[in-house]
Amino acid sequence: MIATLLSPRFLRNALPALSLTVLLLAIFQLQPRTMSYFGLNLLLNLALPIAFATIAQMCIITVNDLDLGIGSYVGLVAAIGATWLNETPLLGVAALLGCILIYAALGALIHLRNLPSIVVTLGMSFVWLGMALLVLPTPGGTVPGWIRAIMTLKTPFLPFTIYAAVAVGVIVHFGLMRSAYGTVLRGAGGNPRSVARAGWSLLRTKVTMFALAGFFGMLSGLSLIGLTTSADANIALRYTLLSIAGVILGGGEFVGGRISPIGAVIGAMTLTLAASFLTFLRLPPDWQIGAQGGILIVVLAFRAVINRAEARR
Amino acid sequence: MAAARTAARLATRLLERPWLWAFAAAFLVWLATIIFTKGQGGGEILSAALAFGTFSVIVGIGQMYVITLGPGNVDLSIPATMTFAGAASMKIMATQDSMIVVGLLIALACGAAIGVFNYGLIRLMRIPPIIATLSSSFVFQSAAIAYGRGIKIKPPPSLADFTTARIAGFPILAICTVILALVMTVVLHKTVYGRSVIAIGQNARAAKLSGIAVDFTRFVTYVMCATLAGLCGFVLSGFSGGASLNMGAEFLLASIAVVVIGGTSVAGGFANIPGLWGAALFMFLLVTMLNTFGLGAGIRLVMTGLIIITVITVAGGKSTDR
Amino acid sequence: MSEADRSIVRLDGVEKHFGAVRALTGVDLSVAPGECLGLVGHNGAGKSTLMNVLAGIFGPDQGSITVRGVDSTAGYTVAAAKQQGVRCVFQELSLCPNLTVAENARVMHPALKGFGWRRRAAELIARKLDEVFPGHGIASREIVGDLSIAKRQMVEIARAFTVTEAPADLVILDEPTSSLDSVVAEQLLAFVRHHVAAGGACILISHLLGEVLSTADRIVVLRDGAVVDVRPAADFTRDSLVSAMGSVAEGGVADGDGFTSKRRGGSPKVRARPAGRTTGPELVAHAGEIVGLAGLAGHGQTDMLIQLHSARRKASASLQVDGPVSLVAGDRQTDGIFPLWSIAGNITIRSIRHMLHHALIDADAEQEMARRWQQRIGIRTPDVNNNILSLSGGNQQKALFARALASDAEIVLMDDPMRGVDVGTKQEVYGIIRDEAANGRTFVWYTTEMDELKHCDHVYVFRDGGIVADLARDEMTEEKLLHSSFEAA
């Protein structure tokens, strides 16, 4: 039993949940009042948009690519959400669907021309940001009431964010980890040649994953404006780096299709909490992102130690 | 007859130089701008382009060396390094001219230390470079914020004068950076280190089997890139009247963009320093042109993005399996 | 019913070329249901090319493929082969390491989908594993990347025999026992007999002749891309099989005449034992010697060379290398060439450290070295400043030789460098190697070509990562080499 608990594989899988628990306990210790409905709501308020962005990034990482434009894409969605979607809902929906189509097309372009995804998505980050500025030149806009209503839902026992985050993790887990086609999608990240030899189209897997990323990025933007009530093209630029960090914190690997949707959600929550943690430590908020980076490094260091222990066996 | 053939060969040779495209594009954009303004301010625009392009070129050189190491190599900590080095050096100099040399050394040392830290994460903890430089950028960005206390720290007056001085319309800083670029070109092509970088980027395994010190070369490259970012943070603080906390922000994308547009291969193994200048001028002039045309920031950004994607789609494709 | 109609797959006069290299030169082959066909041959005989043709990965340049009596040459793709019930277990593992055992079964079977597919996939693969390897100890929910190499191979083999929609009539196994222990290997061979008895068919490719003799019904011997012998397994003995693989008439590989050992006095330049071995023969090379590494491809020769190449930094009791080393890569594209550089750049990269002038590389010295070696080794190009890829394969290889020989290396390692090189070039390079050896350089030469071993003073035969024979030139025969390459005598 103890041997299982100490086995590298178990430790590696438990690491994301473990780091979240440790952080949460530390916060409860420092400020017992957070152990309440409102306390948790305050702590995890912004976790949901980050979780969606992290899931989007994870979809891209599954097929061995990286999205450096997701942050500005979330900003564009936020801008569309706070303008067109409110004023002319049909145009808003069409624009959002168009964005997802562009994502799918990016996947096809990267696959067919064998391009480095970093550069393509970096270029797209300019495009998304520019489009967001065109849609919404100055911060503001009005968020459709229904989005606001969903995001401020009063749920029993625990804040809405927690239910929603769990639901997202579980749904994506079933979609990617348990479903039949999800298996092929991950296989395409693990050993593309073997998947192609088994008769699957690699173009289709890549387009699917990029379209999914576009979809979850859209959810990220919409849930974000539901909380902030107004939008700004630059609102989510930090999400690019946060989402990558969230995937890695959640136990995902950079290459090889090794991902964990539930881990990614946990990673996103850990990053959100890390920011709040400092406030309770009475450290200046300046150290917020530093703490996020520090946690990332510590967790990766643990993982390196575990992997080495495994290699030695 | 022979002369015509020589000219033709020269023309083909030139066309094979990818940096030429960046300069040609920069020239066309400049031309379009001054045609629009009916010849007004052409010189000033060029001078401004040189001054602002300088900073992209300084960090671009470091990023280019890193990217040339091959797929997966990129330094995302450049903005944090710039901010940190800028804030630390400005604070230590405390606007005293006598401290400028100390401040410069501090900025360079900050950069070098961050580079060592980055490579430590990459090598010792086996973290992919993107994640390693990303996480260290979080830490150092915060450190800079905490250290700088959110105030814009003024540079010593002499430094501010030096970074904004011009000789016959040419910014002194740009002249220095041209010299830096020349030196780095020589380093790239004429030293064992530079050759090693290019060799590793083309074929890391073959490089190792040819007796190249792969680990050492990678170490030097990451440290050098961060040191240049430190230098850029120092001069940019002088140029823009102090170290501010988001002064590095735009240079993450800019450093990669000038490398790609300048004709360096993203797949590694082929680097191009003149192209950095062409690309930096082009990026600045493009913004100027679109401003002159009265187009907003939105169109400008969309154009920039589409140009990067077009360049990589046209130039890429034949890249390696990764 | 004629023999032809009964066969699952029949090849007639199949030829396959790769550039100038003729990998298959007219192969006739047929496999019938209820038959296990053994396929043996030495390095470069065309075994893997043949297997790739059967799997639908390479289309043949000439000849026809008939499946169940129907000519299917056109459109015989990977998918078609799979549809027709032809399965392959390749030597390099082709599972997805990030997926579980059951999920890997799913990737191969599109039919495994819908509600409850995980359970069905797990049952499918578990049942087959139980059937092939009783007591295997592999859970179908384990991640493949966490399994040992042997277990991965077991999963891959079992997966090839699983059936959902398309049948598994003909399963081709390429060295399936290479990483299995003897008990598990026996289980596999017993299952192959069982599969065949139930009306299936197998092609078994193996370097363990005992395995082939005991399991196969018929044995096909390949040599130089052609079938040289087909007989029922019972008509072969180990010795007759070995002699069928070699060129029987010629007898000895090397003429022992005039062989004088260079091993009198003086300490050796190289002394090494394969990694992970603490006992057994050592590889020894003296100054001026050409030492050959023989045996089947992939049995530890390249690892030995890499070990020697990095030895200067990590010398140990079992590894001594005395003097600078350089390596001539065999796999030019992945190990040797810098594709964006000129011929000169490719030649001088190993030596630039010694041509510095005020810390900068002296361009004149570089040009001089490149020109000198272009002359010396006969690289056919108008200008050494042309791109390396402007050269033919053989001349690219010469540039790699020039890189190693122009350096200060006293010990030159060669990793089967003559792959795909034309005969004329080979002869020129052999001459240069002999001259350089006469000047005191030491060569350690891994080669898959029997003919090249006759240039060696000493030959070490590798099998399964270790040295199994140490033959001096005067005692070396092809028979001895084949015997020790294929099985312990």
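Chains A and B of this predicted model bury about 3600 Å² between them, with carbon and sulfur atoms giving 81% of that area. Buried area here is the accessible area (1.4 Å probe) that two parts lose on being put together, summed over both. On the chain A side, Phe126(A), Asp286(A) and Ile297(A) supply 17% of what chain A buries against chain B, more than any other three residues. In terms of contact (heavy atoms within 4.5 Å), 41 residues come from chain A and 43 residues from chain B.

Some bookkeeping first: residues are numbered from 1 along each chain as its sequence is written, while chains are lettered from A and ligands numbered from 1 in the order in which they are written. Since the model is predicted, local features need pLDDT of at least 70 and side-chain atom pairs count only at pLDDT 80 or more, whereas totals for chains, interfaces and linings use all residues, and side-chain values use heavy atoms, with hydrogens and water left out.

Back to chains A and B: the number of salt bridges between them is zero, taking a salt bridge as a side-chain nitrogen of Lys or Arg within 4 Å of a carboxyl oxygen of Asp or Glu. Polar contacts amount to three residue pairs, both partners at pLDDT 80 or more. A polar contact is a pair of N or O atoms within 3.5 Å; within protein, one must be able to donate a hydrogen and the other to accept it, and residues adjacent in sequence count only if both atoms are side-chain atoms. Helix H8 (117-135), helix H14 (239-249) and helix H16 (288-312) of chain A each put at least two residues into the side that touches chain B; helices (H or I, at least four residues) and strands (E, at least two) are DSSP runs, numbered from the N terminus. H8(A) gives the most, with 14 residues. By class, that side of chain A has 29 nonpolar, nine polar and three charged residues, where Ala, Val, Leu, Ile, Met, Phe, Trp, Tyr, Cys and Pro count as nonpolar, Asp, Glu, Lys and Arg as charged, and the others, Gly among them, as polar.

Next comes the interface of chain C with chain B. About 1900 Å² is buried there, 60% of it on carbon and sulfur atoms, and the contact takes 24 residues from chain C and 21 residues from chain B. Two salt bridges link chain C and chain B; Glu366(C) and Arg195(B) meet through their side chains in a salt bridge at 2.8 Å, N to O. Ten residue pairs are in polar contact across this interface, again with both at pLDDT 80 or more. Helix H10 (301-309), helix H11 (332-336), strand E17 (360-361) and helix H13 (363-377) of chain C each supply at least two residues of the side facing chain B, and H11(C) gives the most, with four residues. The chain C side divides into 14 nonpolar, five polar and five charged residues.

Chain C also holds an open sheet of four strands in the order E2-E1-E4-E5, with antiparallel pairing; two strands pair if DSSP finds at least two bridges between them. Strand E2 (21-31) and strand E5 (70-71) are the edge strands, each pairing on one side only. E1(C) and E4(C) pair over five bridges, and Leu11(C) stands opposite Ile65(C) in E4(C). Strand E4 (residues 62-67) and E5(C) are joined by two bridges: Val67(C) has Val70(C) as its bridge partner, and Thr66(C) has Asp71(C). These two strands form a hairpin with two residues between them, and Arg68(C) in the turn has a positive phi of about 50°.

A further open sheet in chain C has three strands in the order E12-E11-E14, with antiparallel pairing. Strand E12 (283-285) and strand E14 (319-321) have a single partner strand each, so one side of each is left without a neighbour in the sheet. Three bridges join strand E11 (residues 270-272) to E14(C), and Ala272(C) stands opposite Leu319(C).
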